[in-house]
Protein chains: 2
Amino acid sequence: MGPGPSDVHPRVLRAMATPLVGYLDPSFVEIMTDVQELLRYVFRTDNEYTLAVSGTGSAAMEAAFANLVEPGETVLVPSNGYFGGRMGEMAARVGGEVVTADAPWGEPLDPATIEAAFDEHQPTVVGVVHGETSTGVRQPEIDEIARIVHEYDAYLVVDTVASLGGVEFRTDEWGADLVYSGSQKCLSAPPGASPLTLSDRAMEKVRNRETQPRSWYLDLEGLWTYWGDDPQYHHTGMTSTVYALREALRLVAEEGIQARWERHRRLAGALKAGVEAMGLELLPADEHWLPSLNAVRIPAAADGDALTSRLLEDDGIEIAAGLGDLAGEVVRVGCMGHSARPANVLPTVGALGRALDAQGVDVDVGAGVAATNRELGE
Amino acid sequence: MGPGPSDVHPRVLRAMATPLVGYLDPSFVEIMTDVQELLRYVFRTDNEYTLAVSGTGSAAMEAAFANLVEPGETVLVPSNGYFGGRMGEMAARVGGEVVTADAPWGEPLDPATIEAAFDEHQPTVVGVVHGETSTGVRQPEIDEIARIVHEYDAYLVVDTVASLGGVEFRTDEWGADLVYSGSQKCLSAPPGASPLTLSDRAMEKVRNRETQPRSWYLDLEGLWTYWGDDPQYHHTGMTSTVYALREALRLVAEEGIQARWERHRRLAGALKAGVEAMGLELLPADEHWLPSLNAVRIPAAADGDALTSRLLEDDGIEIAAGLGDLAGEVVRVGCMGHSARPANVLPTVGALGRALDAQGVDVDVGAGVAATNRELGE
């Protein structure tokens, strides 16, 4: 119940143990094609350029900025969370001029802030984080942000590492130009093959670069020689991890993407009801709540690191301490993919309550577990 | 029996199916420490800075050049194979001025060529490939090359993707400054966690850079915040792949590294004897033979792509066609890690012979399998 890796379904673990074939073996190329088709379903996109990057979500993030940004271009990134900051670090490494769209940690970006940043800085690439793992904030109005970005003929990159497959996201309908994710959160596959999709228009920008991307490993034109029709060697494919990603995506398709979004809302809703009934509150306002990652404010008297250690040691439950600006202020409880089950949610609420109580924090543990249990029954 | 992924031992496949824990879970940190200790054994090094990069061998190659090379520095890379060329591409992407140490495909570099290149170009970083997957050439005299490189106060990077754990390599004794590998060749783990080690002196160069590395994902100082003492979050660790790498490295340690080198020589030696007895020859001279990758010259009458397809379809055996300059001129037969077994070698020789015979090439298949079988019995 941490911020990922989430629990992996036994069918996916079994796929990981499948004997390996060559990365250009016809049977493996079929699996890659399956993965692409299933990723289009999960991303809600018809983008041809849809693939899995051979690395974690941060590799997919780097692929986004290393390819879309040329040295000297202005890149607008958000200030309201740890991973927005990481976007800025990466954009700077690849030669971008980084400016920030300001919002406090715990709040989403206001599209008006983006509009104002265009007036002032004329960015060519804008990054936003749909589900911010550090704050548990869900960024609304991606469609409105995309509209503004396109009005200025710029490109919108969206990070869905903590949300894809668990929280409603619609690449094409909302107009995102490049979207990436990780495999080990709401998709519940092991880390190592990270979904990425980009529009024809975004790929056109990549193809028309004046300079080569600064990364060879993450060069999207190179990656497409392998993931496109008539696959050629670029780098060795992530055989086992791609097997596992396919199986995890099949589980998403079997459940249905909308049913899966709904399950995350329901299970995380029960968790939220429990911690609130206990007397705690979540960092973001209700309308920006990210079901997959629940940032629970802890009272000043509580010790976040001791809480996470106790839950791990006494209850075998992983949750995470606060990150960046929120260190010591929140604990982060994931509710992702195969982990989002009643048998996980209720014990987590109970264990968190008991651990806070043991630290002398005034919480009504009984009311918390009762509220969670009630919600789970509905 | 291709150039990798090689067959993965059932114990390693089972490790892949282990349920996941958090990438900072104390039990996972213990596994990372095991991996580092076992990698030091396999690399024959006492280097503190020893870790697994979260990507394939090409990611480890990029980590080497992205960190050791600053924009404007001169980098010397070899011209005698596909992966030496890739070193050059990567060094150029990160801002290096690339010059080549010339040798034909199929031959190793002569240390005198390196010495001459220092006179002419004064490189600060020199890359060489210990086992060139495209040519099957083993680069000898790494120790002599290191001596020259150090005489000029430069740094030697060695690619052991196709050799580590299968062919003798001694990081410390030979004086290599940074060595990397892949997991899916002689180590027989799935791709995705790529071994890398560097000396204190090389890490000092990385720490004293005037500019940040152009890759955030592969920044060695960042990676060391995760792999060093008191691990902190950098990016999500490759949980399952690291489980598998540990198990694969344990198998190496149980066999003993010298016994493993010897097994590769013996099994690949039987393969080599078979193809030679059949009337074919290997591309490199005997003294530069790379047991883990056997580049077999095919007569002009043969069709390499059809050969590899037939072996895969009719015999379920993967071998690979020629790459780069050698397309159409060789087929490449791996003999790596868990694949290097009598039960694989003899059928491969037989199937290759039958497939050539079916293409009308004059080969003595009977003499080939007899020679392999005889060598396997010794």
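Residues are numbered from 1 along each chain as its sequence is written, and chains are lettered from A and ligands numbered from 1 in the order in which they are written. In this predicted model, local features need pLDDT of at least 70, side-chain atom pairs count only at pLDDT 80 or more, and totals for chains, interfaces and linings use all residues, while side-chain values use heavy atoms, without hydrogens and water.

**Two copies**

Chain A is superposed on chain B by a rotation of 180° with 0.0 Å of shift along the axis, at an RMSD of 0.0 Å (least squares on the C-alpha atoms of residues with pLDDT of at least 70 in both). That is the relation of a two-fold axis. Of the interface residues of chain A, 100% are also interface residues in chain B, so the copies meet through the same surface.

**The annotated domain and its sheet**

An unreviewed UniProt entry places "domain: Aminotransferase class V" at residues 28–322 of chain A; such annotations may be inferred rather than shown by experiment. Over residues 28–322, chain A is 44% helix and 15% strand, with the end C-alpha atoms 40 Å apart (DSSP runs, helices being H or I of at least four residues and strands E of at least two, numbered from the N terminus).

In chain A, seven strands form an open, mixed sheet in the order E1-E9-E8-E7-E4-E2-E3, where two strands pair if DSSP finds at least two bridges between them. Strands E1 (49–53) and E3 (97–101) of chain A stand at the edges with a single partner strand each, so one side of each has no neighbour in the sheet. From one strand to the next, the twist averages 20°. E2(A), residues 74–78, runs parallel to E3(A) and is joined to it by five bridges; Val77(A) has Thr100(A) as its bridge partner in E3(A).

| Helix | Strands touched | Angle |
|---|---|---|
| H4(A), residues 82–93 | E2, E3, E4, E7 and E8 of chain A | about 165° with E2(A) |

**A helix pair in chain B**

The axes of H13(B) (residues 342–358) and H14(B) (residues 365–376) come within 9 Å and cross at roughly 170°. H13(B) and H14(B) are therefore roughly antiparallel (over 145 degrees). Among the contact residues are Val345(B) and Val349(B) of H13(B), and Val369(B) and Leu376(B) of H14(B). The contact residues divide into seven nonpolar, five polar and two charged; Ala, Val, Leu, Ile, Met, Phe, Trp, Tyr, Cys and Pro count as nonpolar, Asp, Glu, Lys and Arg as charged, and the others, Gly among them, as polar.

Methods
Contact = heavy atoms within 4.5 Å. Axes fitted to C-alpha atoms, helices over the stretch in contact; angles between N-to-C directions. Parallel < 35°, antiparallel > 145°, perpendicular 65-115°, else oblique.
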